[in-house]
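The points below may be followed with the structure in view.

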Amino acid sequence: MANNPLQDITGTILLAGAGKMGGAMLTGWLAGGLDPRRVAVVDPHLSPEITALAAKGVALNPDVTAAGKVETLVVAVKPQMFREAGAKLKAFVSDQTSVVSIMAGTTIASLEEVCGGAVVRAMPNTPAAIGRGITVAVAANNVSAVQRAVADALLRATGSVEWVEDESLMDAVTAVSGSGPAYVFLLAEELARAGVEAGLPETLATKLARETVAGSGELLHRSELPSATLRQNVTSPGGTTAAALGVLMGEPGLRELMIRAVAAATKRSKELAK
Ligand SMILES: NC(=O)C1=CN([C@@H]2O[C@H](COP(=O)(O)OP(=O)(O)OC[C@H]3O[C@@H](n4cnc5c(N)ncnc54)[C@H](OP(=O)(O)O)[C@@H]3O)[C@@H](O)[C@H]2O)C=CC1
Ligand SMILES: O=C(O)[C@@H]1CCC=N1
């Protein structure tokens, strides 16, 4: 075994759907040392960035006679497209193929029904594009240790990975970490807007909000202190932060809004399973 498990991969990895999330994962694999000649991509509208990877050896839209059965199929199409896409992808799948899905809501049972193979259901997030994603994964009972290791290597190339045993957690996982980056970006947008309301020029407000969210995220990442302690460190008694937190932590406050937001995303994930 090499130290880099991506370099141990000897079979073909077929990525179905090279959009925002699939494309970010592919970038992570190649940056992490996966041989581009091991990768094939199926997508009806390939972006210029993905098309350029052909020069490095990535196979683009191969038919099954060229690609054969693949070692790992990574499914990154929209859940609503899955039944139509999956029927075509099945041709690439053998009993030995591991099927790694990142689709919100789509269950292991549906993946087994439509594609077959040994299924790993995973939920990454877009910080994967800079190697700072977090993915939660759950494996079906028939996934072998080797298949799990390959899936782990592919997912870990874009950040950290948590394996769980209980698939029913995946809807709430999707609501917290899959969708979560959007909540943080919204915070940056609204903080900037509030700065403008408070009298700042828009360009300055946007820069201050962006750097504050990014810097705070980096501090949270690097610090071993709990988030609550980092918050308390900003909050001087009787000062400006306490005044603002009185609003955000009031009734109704961010807690109630966040509970409602995560519940709505969890519900939507369950609906996508149908
Ligand atoms: N974006 C995110 O933050 C996250 C997304 N996910 C999951 O990742 C999946 C993709 O999401 P996202 O990347 O945002 O969506 P995108 O629309 O950016 O990507 C989906 C890609 O799949 C392509 N596609 C459509 N039909 C097929 C087909 N039959 N075969 C192969 N490719 C096809 C689409 O092409 P076209 O545009 O032409 O239709 C598009 O390029 C979803 O299932 C989502 O739940 C998971 C975690 C986070
Ligand atoms: O919005 C969505 O459905 C996908 C899944 C998690 C993030 N984006």
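In what order do the eight strands of the open sheet lie?

1. The order is β3-β2-β1-β4-β5-β6-β7-β8, with mixed pairing. The edge strands, each pairing on one side only, are β3 (59-60) and β8 (159-163). Strands here are DSSP runs of E with at least two residues, helices are runs of H or I with at least four residues, and both are numbered from the N terminus. Two strands pair if DSSP finds at least two bridges between them.

2. On the basis of these conventions, the model is a predicted one, in which local features need pLDDT of at least 70 and side-chain atom pairs count only at pLDDT 80 or more, while totals for chains, interfaces and linings use all residues. Residues are numbered from 1 along each chain as its sequence is written, and chains are lettered from A and ligands numbered from 1 in the order in which they are written.

3. Within the sheet, β4 (residues 72-75) and β5 (residues 98-101) run parallel and are joined by four bridges. V74 has V100 of β5 as its bridge partner.

4. The loop between β4 and α4 (82-89) holds K78, and P79 is found in that loop as well. K78 counts as partly exposed because it has 13 C-beta neighbours inside 10 Å; P79 is partly exposed, with 17 other C-beta atoms within 10 Å. The scale calls a residue buried at 20 or more other C-beta atoms within 10 Å of its own, exposed at 12 or fewer, and partly exposed in between, with C-beta atoms placed from the backbone.

5. Leaving aside residues up to four places away in sequence, P79 touches M103, A104, G105, T106 and L272. Contact requires C-beta atoms, placed from the backbone, within 7 Å.

6. Around ligand 1 there are 25 residues, of which G17, G19, A85, M103 and A104 come nearest; a residue belongs to such a shell if its C-beta atom, placed from the backbone, lies within 6 Å of the molecule. Helix α1 (residues 20-31) gives the most to this shell, with three residues.

7. A104, T174, G178 and S179 are the residues around ligand 2.

8. The unreviewed UniProt entry annotates A76, V77, K78 and P79 as "binding site". UniProt also lists residues 16-105 as "domain: Pyrroline-5-carboxylate reductase catalytic N-terminal". Over residues 16-105 the chain is 32% helix and 17% strand. Such annotations may be inferred rather than shown by experiment.

Definitions and conventions. Contact = placed C-beta atoms within 7 Å.
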